[in-house]
Amino acid sequence: MTAPHGRGLLHLAAALDQQAAFDAASYVGPAQLAERGGLDFVTLGDTFARPGPDALAVLSRVAPATRRIGLVPTVTTTHTEPFHVQAAVATLDWVSRGRAGWQLDVSTTEGEARLFGRRHAAPADALWREAGEIAEVAARLWDSWEDDAEIRDEATGRFVDRDKLHHVDFRGATFFVKGPSIVPRPPQGHPVRVVDATEGPARRVAARYADVALVRVVGPAQARAVRAELRDAAAKFGRDPDTLRVLGSLVVDLGDGERAAEPGHGGGGPRQTAQGPLYRGGPVDLAELIAAWHASEAVDGFHLAPVEPHRDLERLVNGTVALLQHRGLFRTFYPGSTLREHLGLARPANQYAMTGGAS
């Protein structure tokens, strides 16, 4: 199925965040609903700045209760060990059979730093440079096992071919990792990397490392400019810009029903709020907004954060998504099983197997 205007099909994602919800089971139903709508992935935020469940652990619980939808927890790279981060994300990819991603984030406050007691807070620029290095070493560690490194030969007692394990010997500004990983190479090769590229320090990391960049913008012209900037920067880093998906991030409040709005700007918005660009209106006008932005090549799709998780997600899936499917702008079924397949991204080749790197 090909979308009108010569553009590819939309990519759609939704946030599962809930206030004061510590029972992992409460996230299962919303994830299953998003999966019934064919969404590419769901996200679950996390931060050291406030109490809440560990997003990666919660989505590991959601994984066996879902079959196709991608699962993207926020993983804060500041104060956490890069080796442990990559192993946990790789494990989520194994548990979900190739549906894992991770949204990189940093921790900038002294209060958060005191939770760990190992170092003081640092400027955002430095922390995002460190996050980029962690994205790089994670990819190397995921490649430190070649795809056929596991032998599992009971007769000889050999579990792994040591010639197909590789030391990464990566030295960053704040850490050193020798490797190899303790987790075999993930099903996707590299789980999908997501970065909120709204702010300047994160934008460079997104252009260099992200598979999906999220941008909080209030209009298609602004979105188009940011998307062009990200694609140009990706090309300068030697990447094919077509391997970067740029999604507009909107907070959505679908509780007011349909209401008069400017063409293509459902609900009289979006408008900037402290939580980010907010759309308030009905599912029909939201579908119009999404279709208009996509047709104008402002974004490759949208990441939508419901104001009221259960109510708004249900209206999003059964209203907005159904309308976009009817217009041929969004999938009616998953053509593949991995998150990379949903996003139209190839499985990366193993850099050590390609170069024959020494173990």
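**View 1. The protein chain has 11 helices and 13 strands.** Helices (H or I, at least four residues) and strands (E, at least two) are DSSP runs, numbered from the N terminus. This is a predicted model: local features need pLDDT of at least 70, side-chain atom pairs count only at pLDDT 80 or more, and totals for chains, interfaces and linings use all residues. Residues are numbered from 1 along each chain as its sequence is written, and side-chain values use heavy atoms, without hydrogens and water.

**View 2. The C-alpha trace of the protein chain spans about 70 × 45 × 45 Å along its principal axes.**

**View 3. Helix 2 (residues 55-62) packs with helix 3 (residues 82-95).** The angle is about 10 degrees, and the axes lie 9 Å apart. Axes are lines fitted to C-alpha atoms, for helices over the stretch in contact, and angles run from 0 to 180 degrees between N-to-C directions. So helix 2 is roughly parallel to helix 3 (angles under 35 degrees count as roughly parallel).

**View 4. Leu-56, Leu-59 and Ser-60 of helix 2 meet Ala-88, Val-89, Leu-92 and Val-95 of helix 3.** Contact means heavy atoms within 4.5 Å. Six of the contact residues are nonpolar, one is polar and none is charged. Ala, Val, Leu, Ile, Met, Phe, Trp, Tyr, Cys and Pro count as nonpolar, Asp, Glu, Lys and Arg as charged, and the others, Gly among them, as polar.

**View 5. The mean pLDDT of the protein chain is 91.** pLDDT is the predictor's confidence in each residue, from 0 to 100. In the chain, 92% of residues reach 70 or more. Residues 1-6 have pLDDT below 50.

Technical notes:
Parallel < 35°, antiparallel > 145°, perpendicular 65-115°, else oblique.
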